[in-house]
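User: I would like a close look at one part of this model, with some context from the rest. Please keep it brisk.

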Amino acid sequence: MTEPLLVVRGLSKHFASGNETVSVVEALSFTLGQGQSLALTGRSGSGKSTLLNLLCGLELPDAGTIALRDQVFDADGATARRKAAGWSALRRRHIGVVFQEANLMPALTLLDNVRLRAQLAGRDPANSEDWLTRLDIGELARRYPDQVSGGQRQRAALAMVFAMEPALILADEPTGSLDRHTADEVTRVLFDLQARHGCGLILATHDAELAAGCQQHLDLGHQSDV
Amino acid sequence: MIRHFSLALALLLLAGCSGDAGDEGFAGLAGLEKSRTGNTNTNTPYLQPGPGDRLTFPADFGPHPQHRIEWWYLTANLETAAGDPLGVQWTQFRQARQPRAVAEPAPAATGWPLQAAWMAHGAVSWKGQHYFSEKLARGDVGNAGATAVPFQVWLDNWRLTGNADNTLWRLQATGEGWSYDLTLSIDGAPVAHGDEGFSAKSANGEGSMYFSLVDIAITGRVTLDGEVLTVRGKGWFDREWSSQLLKTGQKGWDWFALHLDSGDKLMAFRLRDDSGSFYSGTWIPAEGDPVPLSSEELNLQALDQRKGVPVRWRLSVPAYQVDLELIAPPGDYLNRGLYPYWESPVSVSGSHQGEGYMELTGYVD
Amino acid sequence: MNGSLSRLLPPYPSLFMPKALLSHYRRHPLQLLALAVMILLATMLWTGVSHLTSQARVSLAQSESAVAERQQVVRDDGQALAVEDFVSLRLAGVCVMPWLEVTPEESGNRLVGIDPLAAHCFGADASQAVDQPLDGKPFVDVHFAAGTRARESRLYLLVSDTTKAAELPPDYDLTTFSASPDTGELGASFLLNLEALGVLVLLITALLLRSVYLLGLAQRRDSFALLQRFGVSPMQVQGWLVLEILVLALVCVVPGVWLGRWLAAALGSGFGQALDGLFDIPLYAGQGQGWLTPVLVMLAVVVIACLGDLLLRRFRGRLSLPLPVRAGLAAVLLAVGLVMGWLAPSLLWVFIAVALVFAGAGWLTPAAVVQLAHWRANHSKAPLALWRYRELAVLVRRLTLPLVALQFALAMVLAVQALVTTFESTFDRWLAQRLEAAYYIEVPAGANSPQATEWLTSQQARVTGLQWHRVIRGSAQLAAAGDAREQSVDVFALTPVSSLIRGWTLLEAADRPWEALAAGEGIMINEQLARREKVAVGDRLQLILGDQPRALSVLGVYPDYGRPVGEVLLNGETLPDTFNIRFESLSVTPGEPGIAPITDALEKVWGVQTVALRDNDTVRALATGVFDQTFALTRAMTLLTLTLAASALLMMGWVFFSTRAWYFRLLVVWGLPQREAAAQLLRLALLLTGGIAALALPLGIWLTWVLVHRINPLAFGWSLPMAVYPAFWLELALLSLVIGLSIAALMRRQLGKPAIAPLSANALTGGER
């Protein structure tokens with residue numbers, strides 16, 4: 001195993017539902033190495049999205065520790081505000097997030113979207129158009145999201161993520177709303193680039209074929225150490 | 001407290017009808033409008049005429065402050081020197097807001113009292129033209145009123161004045177485009193209508209005190225748009241007072257006063273009601289005593305209308321072999337005042353020839 | 001409507017359609033509520049404003065003949081009038097009306113007793129002219145006034161304008177009568193402006209209605225598509241939509257009208273007294289029972305505002321022009337409107353110009369803001385700034401209607417504020433000009449005024465603080481150069497030219513004008529005369545005074561609000577003996593000893609029992625009080641409109657921002673701290689409302705200018721001073737920022753919650769950009 005990128009230990013998250021407490025993530029531990037990919041599977045509501053939110057700090061855990069690169073976030077540690085600030089900085093520069101859709105600002109062209117994301121990450125925006133070209137949508141750079149197809153939009157979303165040169169990519173059903181053929185293409189590009197750039201990838205999906213492309217698997221229906 | 005500058009509303013205020021009394025506007029002319037205020041004076045009630053009430057002369061030529069409404073009413077069928085018929089009307093109404101006992105002194109003029117309102121109407125009908133004016137005043141201030149002795153009825157510069165023995169009257173009035181100055185010689189005793197002066201106005205016993213002078217010779221001058229016409233002819237004078245004239249449901253009246261060529265006279269009226277009308281009248285033979293006519297003895301039928309107003313009538317009194325057709329001359333004889341009504345001369349044909357006057361209320365809002 | 005409706009509705013009596021249509025509102029009850037509330041408020045506001053204005057207008061028109069510009073009868077022997085005089089005049093056939101002024105012992109408010117019965121002879125058409133119920137004080141029945149325990153009581157007998165002195169019995173004469181300062185056209189002018197305000201309110205509310213309705217319609221598009229798949233034709237859907245909005249409108253318009261009347265009545269009791277007291281306009285209370293007109297107008301407005309374009313589908317193709325063409329057209333409209341507003345020769349054209357400018361501005365503003373935002377975006381270095389301006393462009397496009405409504409409302413509030421403040425200060429100045437002295441004493445007909453002035457002159461040295469002058473009014477003929485026809489002007493002559501009037505603000509003046517006037521070196525003229533005759537300071541005016549022609553140099557031009565008549569102010573000593581004096585009075589500020597010794601002395605000098613005295617302080621206090629009330633009312637109405645517009649924008653902004661919440665959340669996902677994302681939101685909201693406020697400013701100023709400098713001179717021949725009130729601009733700017741802050745605050749709450757991603761790809765297409 002390569003040097004660990006992400007180490008998760010005893011991660012738990014509960015939600016209050018009426019008088020009861022529902023446990024969404026319970027004492028989860030796993031490790032992801034540099035350049036490795038992990039497939040998160042499980043039926044709807046099994047906590048895939050919650051876990052992704054925890055892993056990028058959009059939600060804070062009730063218990064457990066997350067160590068990403070050189071930063072360690074402990075559920076019992078610093079104040080929520082400080083943690084939020086730390087996570088914000090990480091997301092801005094090092095964590096790329098891809099959702100099923102609506103990853104782009106509708107008021108900006110594809111190119112402007114990529115540039116905006118790159119600039120936020122502190123990267124040179126000049127390469128933005130290259131990224132679009134590398135994802136085969138260079139000629140669409142000056143189109144708006146509503147002027148291109150769903151597949152092209154997801155490609156643009158990937159361009160944005162890679163333009164920020166992330167350490168970790170979190171993808172939540174990135175091909176969920178695409179047809180099979182387009183989905184395959186987007187998946188191929190995703191794995192290709194991930195491998196080439198050596199960043200970590202955590203992919204939440206219930207598409208078994210997609211999950212099979214990953215090196216590690218975590219079924220949230222049957223949580224256990226990986 | 002809201003005071004109204006509105007005349008119409010002010011008049012309703014002045015009318016001051018209590019709830020049980022007829023909501024009849026000014027002297028019954030408005031038809032059934034809702035009254036606004038109750039009778040505020042609880043000490044002195046309004047007197048309501050009833051069967052058994054008698055006339056008193058000359059006092060009854062003067063005002064009756066304890067009755068709600070009354071009027072002095074002259075209509076005249078005149079003829080110009082050129083032989084054209086010319087009709088004249090003069091009426092003065094009093095409408096009480098508060099009843100006052102006869103013995104009680106009138107309130108001081110300096111207080112601009114509000115016990116009664118007066119309204120005067122003057123009209124001249126000639127060659128299809130109808131001239132009409134209206135005047136209003138509050139009572140007890142001085143510019144409007146009436147006295148029995150000497151006999152005077154006045155409102156501003158319109159006045160009817162009698163001589164010492166009340167056999168010779170002078171009537172003066174001026175309106176826009178018209179004026180008249182007439183001398184009236186009164187002949188014959190007053191004719192009491194109904195039950196010795198009590199004239200029923202419905203089957204339930206509502207009614208008024210009512211008498212007429214039916215033998216009046218008139219001479220004088222009428223000025224129309226600057227043209228002075230010498231006129232002569234005969235007149236009919238009514239005095240009537242009550243505290244309730246129309247009862248609820250009654251919509252207006254049709255009234256006729258006729259001089260027949262035979263020397264007989266006829267007064268007839270009908271009060272129109274949703275549930276059947278009330279008819280009454282008086283047969284005044286050339287010789288002999290007047291005879292009251294009941295509903296059964298009178299037949300009255302409207303034949304033709306002009307703009308919603310019946311202008312041709314059939315009137316018959318079978319008991320006296322009277323079967324008349326009455327017709328108003330061409331023209332519009334609506335008195336367009338605050339409460340519009342029709343007042344026109346009529347010519348008489350049929351069993352008798354003759355002339356007279358017709359008053360129709362409640363046809364026009 | 002009936003025919004087309006029956007064509008649109010399905011021929012079978014089915015509950016399917018209404019159920020299908022209503023299901024939307026079952027799912028979005030708040031939207032239905034918002035629509036209903038908007039219709040209700042709009043109706044209420046418009047009904048309220050128009051009710052008040054039309055009431056006041058009708059009353060004004062009637063009072064012109066009934067109460068304004070009157071003559072009164074006086075006794076030749078100078079004695080006070082009594083009931084007997086009324087009676088003898090009446091018996092002589094003169095149409096006189098008693099006017100009993102009473103100052104009650106308990107309270108200082110003056111009452112005026114009138115006799116509606118006696119007034120009957122004033123009206124040509126009795127049923128109309130006299131049919132004006134009067135709303136309480138200060139007018140009461142003369143009987144009530146006579147019965148009031150009074151400190152002071154005086155009877156006037158008014159006659160109509162057409163009455164000639166020759167018609168009066170001997171021992172009586174005619175003179176002019178004014179009970180309170182006759183503001184003349186100032187009232188009419190104010191009402192005209194109020195009426196214009198009413199039209200604007202209607203426009204604004206229509207825009208707001210449309211915005212709320214279109215929001216719902218957009219959400220219902222999917223269900224309409226579904227219905228069409230079920231075989232319901234678009235025509236039928238439209239028919240049902242018309243029916244639906246008609247029913248909703250009817251349900252809301254009727255209580256709205258009722259509420260509007262209630263509002264008008266509630267505000268009107270104060271308003272009524274204000275107008276009563278000052279303009280002599282009796283305000284209707286409970287008159288104008290016509291429900292049909294306001295209900296029909298509002299129904300039409302609701303249907304047109306909501307479905308106008310849908311019903312005119314045939315023309316829609318022609319109406320939806322490409323953006324540059326539309327912007328160009330709007331610019332042309334705006335330009336034409338502006339030029340026309342400047343040059344318009346008549347009122348109608350000015351109103352058309354106002355309509356053009358508003359249409360142009362309403363069309364151009366959103367387009368211009370969008371263009372500006374794109375331009376700023378293209379020139380911004382910071383990526384977030386680029387995003388913010390692009391987002392602003394989207395916002396402006398999506399919120400066009402409520403934004404334009406807010407812009408119009410802001411402009412209107414600006415204009416009304418300036419107008420009201422202008423009127424206020426004009427009235428203040430006008431009052432100061434007319435009530436320059438503490439007391440005003442009528443010189444009785446036939447009295448010897450030189451004797452009085454001699455006496456007053458003798459007192460001048462002895463009494464400290466005594467200031468006075470004698471006022472002579474009459475008329476003179478103006479011989480206009482090169483014009484054969486003579487023109488009559490009012491003469492306002494003073495002796496001496498006392499310090500009382502030297503504080504007047506002059507529009508234009510020669511050097512030391514008052515000294516020159518005192519020396520008899522010339523005259524002053526009012527603005528109306530200067531405008532009409534195009535006379536300036538230094539010109540000479542040819543006047544015929546009495547029988548003497550004179551050429552007099554113009555020393556100054558003074559503002560003289562509220563009258564169309566030209567007037568010359570001159571030194572009374574220069575009047576020839578042949579000058580026909582129409583009216584004489586003394587203006588006196590008595591100094592320390594008070595007015596009593598002066599009136600006593602004048603009574604002795606003139607040999608009368610009482611002199612007619614007017615305490616100007618009382619008049620001024622009354623006038624100021626009632627004006628404050630009137631203006632406060634006007635402001636309240638406009639602020640209510642603004643509030644409506646603001647809350648509509650707030651509501652729409654909230655709904656729209658909700659659809660954008662995901663993207664703000666995206667910023668957080670991209671690593672922007674919550675606070676920064678919220679700051680972006682705040683900047684965006686403030687840009688939006690601040691920008692609208694900034695754009696409303698020129699429109700508002702222009703509207704003010706049109707009202708005071710174009711409409712007023714065209715309608716009445718005199719202009720109001722144009723003033724701008726930057727402090728109020730600041731208030732409005734703050735207000736619009738508060739609206740922006742409120743939107744941002746509402747959204748901030750959503751930002752904290754996990755956002756829901758737009759559900760389908762459909763949501764990403766169309767309109768969002």
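What share of the contacts in chain A with a separation of 6 or more do residues 24 or more positions apart account for? After that, take me through strand 11 of chain C and its partners, then the contact of helix 13 of chain C with helix 14 of chain C.

Analyst: A caution comes before the answer: this is a predicted model. In chain A, 72% of the contacts with a separation of 6 or more are between residues 24 or more positions apart. Chain A has seven helices and nine strands. Of its 226 residues, 50% are buried.

Chain B can be described in the same terms. Its secondary structure is one helix and 23 strands. Buried residues make up 53% of its 365 residues. Take the contacts in chain B between residues at least 6 apart in sequence: 56% of them join residues at least 24 apart.

Now to chain C and the strand. Strand 11 of chain C covers residues 523–526. Both of its faces are covered. Ile523(C) and Ile525(C) lie on one side, and Met524(C) and Asn526(C) on the other. All four are buried. In a regular strand, side chains alternate between the two faces of the sheet.

Strand 11 of chain C pairs with strand 13 of chain C, residues 548–558. These two run parallel and are joined by four bridges. Met524(C) has Gly556(C) in strand 13 of chain C as its bridge partner.

Strand 11 of chain C also pairs with strand 14 of chain C, residues 567–571. Here the sense is antiparallel, over two bridges. Ile525(C) stands opposite Val568(C) in strand 14 of chain C.

Next, the helices. Two packed helices are described by the angle between their axes and the distance between the axes. Helix 13 of chain C spans residues 347–378, and helix 14 of chain C spans residues 383–398. Their axes come within 8 Å and cross at roughly 165°. Helix 13 of chain C is therefore roughly antiparallel to helix 14 of chain C. The crossing is left-handed.

Which residues meet there? From helix 13 of chain C come Pro366(C), Val369(C), Val370(C), Ala373(C), His374(C), Arg376(C) and Ala377(C). From helix 14 of chain C come Leu386(C), Tyr389(C), Arg390(C), Leu392(C), Ala393(C), Val396(C) and Arg397(C). By type, the residues of this contact divide into 10 nonpolar, one polar and three charged.

Key:
Residues are numbered from 1 along each chain as its sequence is written. Chains are lettered from A and ligands numbered from 1 in the order in which they are written. This is a predicted model: local features need pLDDT of at least 70, side-chain atom pairs count only at pLDDT 80 or more; totals for chains, interfaces and linings use all residues. Axes are lines fitted to C-alpha atoms, for helices over the stretch in contact, and angles run from 0 to 180 degrees between N-to-C directions. Angles under 35 degrees count as roughly parallel, over 145 as roughly antiparallel, 65 to 115 as roughly perpendicular and the rest as oblique. A crossing is left-handed if the near helix is turned anticlockwise from the far one by less than a right angle, and right-handed if clockwise. Two residues are in contact if their C-beta atoms, placed from the backbone, lie within 7 Å. Ala, Val, Leu, Ile, Met, Phe, Trp, Tyr, Cys and Pro count as nonpolar, Asp, Glu, Lys and Arg as charged, and the others, Gly among them, as polar. A residue is buried if 20 or more other C-beta atoms lie within 10 Å of its own, exposed if 12 or fewer, and partly exposed in between; C-beta atoms are placed from the backbone. Two strands pair if DSSP finds at least two bridges between them.
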